[in-house]
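Visitor: I would like to learn how to read a structure such as this one. Where do we start?

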Amino acid sequence: MKTALITGGSAGIGKQTALALAAQGYHVIIAARDAVKGQAVLAQIRAASPSAQVSFWQVDLSVPEQVRALAAHVRSQWDHIDALVLNAGLFTPTLRTNATGHEFMFATTHLGHFLLTHHLLDLVKAAPAARVVVTSSVAHFFAGGLGLSDVRQPSTSGFLLLAPFRAYGRSKLANLLFVRELARKLEGTRVLVNAFHPGGVKSEIWRSTPGLFNAVIGPFLVSERQGANTQIYLATHAAVTQTGQHWFKRRVERGTPTSRDPATAKALWDYSLQALGIPAFGQSDLAGAAAQQHSA
Ligand SMILES: NC(=O)c1ccc[n+]([C@@H]2O[C@H](COP(=O)([O-])OP(=O)(O)OC[C@H]3O[C@@H](n4cnc5c(N)ncnc54)[C@H](OP(=O)(O)O)[C@@H]3O)[C@@H](O)[C@H]2O)c1
């Protein structure tokens with residue numbers, strides 16, 4: 001049976017993808033913070049597809065120990081992952097940091113997914129034709145460069161209201177750079193790695209953005225289902241043969257020059273390894289622990 005792990009599959013774009021992949025017969029594992037929302041989505045999926053195989057795991061991706069616990073759980077239950085959908089994301093209206101001192105959006109959307117991928121890469125490689133799909137955004141245009149110094153001590157200089165938008169853009173730029181570098185490292189394997197922009201989507205993410213901003217963009221937002229279209233395509237469709245690309249509406253987009261810069265991608269990769277204490281990417285130290293738990 002095909003397996004899909006969808007972070008942020010409890011709401012918005014990820015929820016639509018969870019519904020679609022469960023209907024296609026994947027065993028879908030949804031990972032997000034809010035267990036009540038997660039259970040409600042499981043019930044909705046089972047109502048839509050009574051034979052669906054779905055489960056929920058509570059995780060805050062900004063907390064490395066919780067990411068490791070999710071990975072250990074997945075490793076103890078499954079030996080392959082066909083679709084790793086790294087979709088969870090958020091906008092914080094004020095800048096704050098996680099316990100390791102990283103700006104919260106960067107810690108969640110980039111570092112959390114980087115660590116999760118590190119611990120699950122061998123399961124992804126074990127699938128016959130695996131996909132890694134990362135939800136990036138056109139907002140990476142607002143990042144104004146990666147600014148690795150800013151991911152620990154976010155700069156609030158300049159127009160204060162814009163600082164969270166810039167930090168959000170930086171987290172989405174990091175998503176794209178991660179995809180470029182991971183795809184490069186996986187060249188010659190059966191794994192395709194792609195990022196995409198879903199469009200402006202009418203989801204819960206806008207609950208944290210200023211009201212005036214919402215009033216301006218509101219009329220241009222598309223449905224969550226439309227937003228998930230390219231995500232589902234990249235995760236499942238046989239027509240996808242490219243890797244390391246950024247997509248919008250099922251077409252490859254160029255993105256900013258920084259998002260295509262190999263040196264910036266490598267700098268982010270090296271920073272992430274060091275920040276998370278990973279000696280060798282893709283060689284999880286969880287395998288033994290998971291195996292022991294299993295046999296206990
Ligand atoms: N909506 C748009 O217009 C738009 C445009 C471009 C890109 N995107 C990207 O699309 C992705 C999905 O967003 P959406 O619009 O579908 O938003 P959404 O409806 O708010 O869903 C976000 C999902 O991410 C999860 N999540 C957030 N923070 C998390 C954390 N720290 N740990 C674990 N899970 C977390 C949420 O679960 P909990 O509620 O349990 O935290 C939820 O399931 C994000 O990466 C976003 O940046 C959205």
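Guide: We take the strands, then a loop residue, then the ligand shell. The model is a predicted one.

Visitor: How many bridges join strand β1 to β2?

Guide: Strand pairing is read from bridges. Here β1 (residues 3-7) and β2 run parallel and are joined by five bridges. Within this pairing, Ile30 in β2 is the bridge partner of Ile6.

Visitor: Which strand pairs with β2 over six bridges?

Guide: That is β3 (residues 53-58), and the pairing is again in the parallel sense. Ala32 has Gln58 in β3 as its bridge partner. The chain gets from β2 to β3 by way of helix α2 (residues 35-48), in a right-handed β-α-β crossover.

Visitor: Why is β2 largely enclosed by the rest of the structure?

Guide: Burial is read residue by residue. Five of the six residues of β2 are buried, so the strand is largely enclosed.

Visitor: Why does Gly25 count as partly exposed?

Guide: Gly25 sits in the loop between α1 and β2 (27-32). A buried residue needs 20 or more C-beta neighbours within 10 Å, and an exposed one has 12 or fewer. Gly25 has 13 inside 10 Å, so it counts as partly exposed. Its C-alpha atom is 7.3 Å from that of Lys2, 23 residues apart along the chain.

Visitor: Which residues come nearest to the ligand?

Guide: Of 30 residues around the ligand, the nearest are Gly8, Gly12, Asp34, Gly89 and Ser203. By class, the shell has 15 polar, ten nonpolar and five charged residues. α1 gives the most, with three residues.

Conventions. Residues numbered from 1 in each chain as written. Predicted model: local features only at pLDDT ≥ 70, side-chain atom pairs only at ≥ 80, totals over all residues. Near = placed C-beta within 6 Å. Helix = DSSP H or I, 4+ residues; strand = E, 2+ residues; numbered from the N terminus. Nonpolar A, V, L, I, M, F, W, Y, C, P; charged D, E, K, R; others polar. Pairing = 2+ DSSP bridges. Right-handed = clockwise from strand over helix to strand, strands pointing away.
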